[in-house]
Each structure stands twice: as structure tokens, then as C-alpha cells.
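Me: I have a model open and would like to go through its fold with you. Could you take my questions one at a time?

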Amino acid sequence: MAEELVFRFTVDGDDFTSAGQASVQIKKNLRQLGIPSDIIRRVSIAMYEGEINMVIHAKGGEALVKVTEDYIEIVLEDKGPGIKNVEQAMQEGFSTAPEGIRSLGFGAGMGLPNMKRYTDNMEISTVVGVGTTITMRVNLA
């Protein structure tokens, strides 16, 4: 791949049925590019978890996926409430999802931990009352 490719997606925060569409599309795109299936799996899981978090907590947002020869970078940006305590939010099982969301099977407190687990690098930039940007990278080599 001589140059980087960039894919942009809008994550609709009003509809759980559309949550995950960006991760499904990026999975197809990466498959067409001949990216190894284990990398596609990791990117898809991290992206899906991020999409669900944007739907649950931030009423949606934007996702940007950059594919280079060396890595795939996922940037998730929202204008939601921000994360009050990142260290606490990174703990498996910690969740601020409302009960109605949990009754749908979401909000188990594994989103951020799974995003970190399936990527090689993850950075969270958040301002309470302004929003959150999560940048993740999966290395190709």
C-alpha cells in the first residue's frame, strides 16, 4: 500500500440498531485490502466497543480509520459528557450505563478494557462536559 487510506464514519447515537455499522464496514474494507484476519478481528472488536460507547454515553460521534503500511489507527470522537474518572472507567466491570441500556445487554463495563486489550496502543483525551477522543493503534508488523 503506497499511501494511507482514510475511512470516515458518523455514529448515530439515537439508534442501537445502527450501532456497529461502521465496524462492519471497516471489516469489509480491510478484507478487500488483504489485511490479515487476526488484525481485522482486533480492529473490528475495538471499533465496535467504541461505537457502542458513543451510542450509550455520547449520543453518537465520528469515527476515523487510517490504514497505513505499518498500522491501522482508529480515532473515535464525541461531544458527550466526557469521562469523569478514566482510571475507574478502565476497570473491567465498571459501568455508568443506565439500567435501561443494561437490560438490552449493553453496558457491562467491558468497552474500554476491550478496546485497550485488542489494540497495541490506546490514548484517551477527555474533558468533562465537552467530549472524548480515543485514539487506538493496531500494528501491522
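Me: In what sense do E3 and E5 pair, and over how many bridges?

Reply: E3 and E5 are antiparallel and pair over eight bridges, where strands and helices are DSSP runs (strands E, at least two residues; helices H or I, at least four), numbered from the N terminus, and two strands pair if DSSP finds at least two bridges between them. This is a predicted model, in which local features need pLDDT of at least 70 and side-chain atom pairs pLDDT 80 or more, while totals for chains, interfaces and linings use all residues. Residues are numbered from 1 along each chain as its sequence is written, and side-chain values use heavy atoms, with hydrogens and water left out.

Me: Which residue of E5 stands opposite Glu 77?

Reply: Thr 133 stands opposite Glu 77, and Ser 125 also stands opposite Thr 133.

Me: What is the strand order of the sheet?

Reply: The five strands form an open, antiparallel sheet in the order E1-E2-E3-E5-E4. Strand E1 (5–12) and strand E4 (121–127) are the edge strands, each pairing on one side only.

Me: And how many bridges join E4 to E5?

Reply: Seven bridges join E4 to E5 (residues 131–139), and the two strands form a hairpin with three residues between them, where Gly 129 in the turn has a positive phi of about 85°.

Me: Switching to helices, which strands does H2 touch?

Reply: Helix H2 (residues 37–58) packs on the sheet and touches E1, E2, E3 and E5, contact meaning heavy atoms within 4.5 Å. The direction of H2 makes about 5° with that of E3; axes are lines fitted to C-alpha atoms, for helices over the stretch in contact, and angles run from 0 to 180 degrees between N-to-C directions.

Me: What follows H2?

Reply: Lys 59 follows H2, and its phi is positive, near 60°.

Me: Last topic: how much space lies in the largest pocket?

Reply: The largest pocket holds about 690 Å³ of space. On a 1 Å grid over the protein atoms alone, a pocket is an open set of points where a 1.4 Å probe fits, with protein on both sides within 12 Å along at least five of seven lines, and lining residues have an atom within 4 Å of a point. Of the 35 lining residues, the closest to the centre of this pocket are Asn 53, His 57, Ile 83, Thr 96 and Leu 112.

Me: Which element gives the largest share of that lining?

Reply: H2 does, with nine residues of the lining of the largest pocket.

Conventions:
Grid points are joined across faces, edges and corners, and a volume is the space filled by probe spheres set on the points.
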